[in-house]
Amino acid sequence: MRKFLNGLYTLGGWLGAGCIAAICLLVVSQVGLNLIDRIATVTTGHAIGMTIPSYADFTGFLLAAGAFLSLAWTLRQGGHIRVSLVTSHLPNWLQSWVDIWCLAVASAVTAYFTWYTALLVLESWHYHDLSAGMIAVPLWIPQFFMFFGLLILTVALIDDFVLSVTGHLPVSSRKAGTEDVTGNEEGI
Amino acid sequence: MPELFLALFLLILLFALLAGGLWVAFSLLVVGMAGMALFTDAPLGSVLATTVWGASNSWSLAALPLFIWMGEILFRSRLSEDMFAGLAPWLTHLPGRLVHVNILGCALFAAVSGSSAATAATIGKMSIPELKRRGYPESLILGSLAGSATLGLLIPPSIILIVYGVATEQSIARLFVAGVLPGVLLIGLFIAYVTAWSFLHPGAIPEEKVEVSLRGKLKGLTLLMPVTLLILGVIGSIYSGIASPTDAAAVGVVLSLGLSAWSGTLNRQNFIEGLLGATKTSCMISFILVGAAFLTVAMGFTGIPKMLAVWIGGMGLSHYTLLAALTVFFIVMGCFLDGISVVVLTTSVIMPMVEQAGIDVLWFGIFVVIVVEMAQITPPVGFNLFVIQGLTGIDILRIAAAALPFFLLLMLGLALISIFPQIVTVLPMMMGG
């Protein structure tokens, strides 16, 4: 079970990273095609008109999928920002209550959010909602990744909540407060 | 006046949740939900899902992970060493000598990276040990680094301007271009300060014994060439309208990978670490952004921002009084919150008030970013201070004290763009596309 869950979170992180790499590839390809078009316009007088159909839509879908799929993994990495100014000065026993409280609130909010996202996906599927671009993508497909990412996040939060209730230090609090010199997670 | 109590209640709730250690994104979501559930009949769950979906799939927001990734790649490359070696021969004759490497190094890195913490880390890891070894005064090293690294926020590409642009539906390209001149202005102020300080403290700046030949200077230029081309490529293509910020960011990632490969620092591990780091940071920011998008919609339902706008409008404050009050408010908020959170709270709640007062939304974006820059170097929560503490082990209060002159210079910059708003608006007005 432990192995499966950890695998699930990591998978989400890797898929998120894959989405970002895919965005880069997609946009660069389109820029390359634009460039060829421009050269063609200059040399032959008219553009070939090469575009990746609906590439802006796909970029947006990949962006949403990437962000939501990596939510749980980012949580486990201590990547989500929180204010530790007050809580870090509390005695240990109180800090574990703070962890329990935060994880309980976050789990409840995410579960609620996931439920209504599932309804949104079902609705899009039911009414055959399509994206507006040249390639009309059924919206439930990209929305499903948002739902799935939120579902993993719900699981990760409950997972951590159980850990904190049973007297352990939740994974999401382990890295918090340690300053990462790369400038990764803190300050923008 | 029930709205007033409502607003007060939500404000207290927000700060209680934040201080209690709940993640920023969740705090925004909870406050939005509370506002809607308690004071409107709108269908909460479906508004939440629809708003968040609408806010998260966006073409212009795609510039965010790409620019973050670009910074991650360059952080892991040999860029900072090259910049130090390239800039140093040109600056040894200026009063203040190599302290200017901090300023110009940060300015150059800021022009390829959108984050001030990343700028502080990248430049600092090279310049702090080098300058210390040569005997430069510590407070000037730390202060100039902390201050100049905040330029990472203002000089395009800028993560925080992307956030502001997406949240206020402003053109990100225009915001980027608007940040250029104020950035140059601040660089000028910093350089002038260091120069003046060196005149007033003769002997504090160590002599550079090595005489730099012309050949050494030219060699320095060749080291600076790749980063200069990268900057011109990214900002030039946005300014001329050839490329949108997202296009420019994607090309920037590819060029940075090329640069990193060329200097021999690109390997499998570096590539993966950079990509995963970018994934984590952009996931965190995106989550805050969607939380803020929902909060904005929820606030719209409750009518609080409109009420606030009418209330402030009714007080008949002058432009400058309002801006001064906002500055104080932001600096206080910035003492406890990170820059992104300050910006998204601003855009969700006080934007209607700003527009009501007749303040240009584009100009206000630059104004907010400079205030957030100041917040980066004020304790107890100042992310540049944390980064420099991580690099040196020096207490953040001492770093903050060293950065105080630069804080005041940022304040001066803020006053200048308020008196001469053209510094911000002239370039976007001339821009192509």
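Student: Ser116(B), is that buried or exposed?
Tutor: Ser116(B) is buried, with a relative accessible area of 0%. Buried means under 20% relative accessible area, exposed means over 50%, and partly exposed is in between (1.4 Å probe, protein chains only).

Student: What kind of model is this?
Tutor: This is a predicted model, in which local features need pLDDT of at least 70 and side-chain atom pairs count only at pLDDT 80 or more, while totals for chains, interfaces and linings use all residues. Residues are numbered from 1 along each chain as its sequence is written, chains are lettered from A and ligands numbered from 1 in the order in which they are written, and side-chain values use heavy atoms, with hydrogens and water left out.

Student: Back to Ser116(B). Which helix is it in?
Tutor: Ser116(B) lies in helix 7 of chain B, residues 116-133. Helices are DSSP runs of H or I with at least four residues, numbered from the N terminus.

Student: And which side chain does Ser116(B) have a polar contact with?
Tutor: With that of Asn384(B), at 2.8 Å. A polar contact is a pair of N or O atoms within 3.5 Å; within protein, one must be able to donate a hydrogen and the other to accept it, and residues adjacent in sequence count only if both atoms are side-chain atoms.

Student: New topic. How many salt bridges are there over all chains?
Tutor: The whole structure has 11 salt bridges. The rule is a side-chain nitrogen of Lys or Arg within 4 Å of a carboxyl oxygen of Asp or Glu.

Student: Which residue does Glu273(B) form a salt bridge with?
Tutor: Arg76(B), with the closest N and O atoms 3.5 Å apart. Glu273(B) lies in helix 14 of chain B and Arg76(B) in the loop between helix 4 (63-75) and helix 5 (79-91), so the pair ties together parts that are 197 residues apart in sequence. Glu273(B) is partly exposed at 34% relative accessible area, whereas Arg76(B) counts as buried at 15%.

Student: What about Arg78(B) and Asp82(B), how do their side chains meet?
Tutor: In a salt bridge of 3.1 Å, N to O. Arg78(B) is partly exposed at 36%, and Asp82(B) is buried at 14%.

Student: What links Arg2(A), Arg76(A), Asp159(A) and Asp160(A)?
Tutor: Those residues of chain A are linked in a network of salt bridges.

Student: How many salt bridges are there between chain B and chain A?
Tutor: The count there is 0. The rule does find 3 residue pairs in polar contact across that interface, both residues at pLDDT 80 or more.

Student: Which helix gives the largest share of chain B's side?
Tutor: Helix 14 (residues 268-302) of chain B, with 14 residues. The residues on that side divide into 50 nonpolar, 19 polar and 5 charged. Here Ala, Val, Leu, Ile, Met, Phe, Trp, Tyr, Cys and Pro count as nonpolar, Asp, Glu, Lys and Arg as charged, and the others, Gly among them, as polar.

Student: How much area do the two chains bury between them?
Tutor: About 5800 Å², 79% of it on carbon and sulfur atoms. Buried area is the accessible area (1.4 Å probe) that two parts lose on being put together, summed over both. In chain B, Trp23(B), Trp53(B) and Lys280(B) lose the most area to chain A, together 16% of what that side buries.

Key:
Helices (H or I, at least four residues) and strands (E, at least two) are DSSP runs, numbered from the N terminus.
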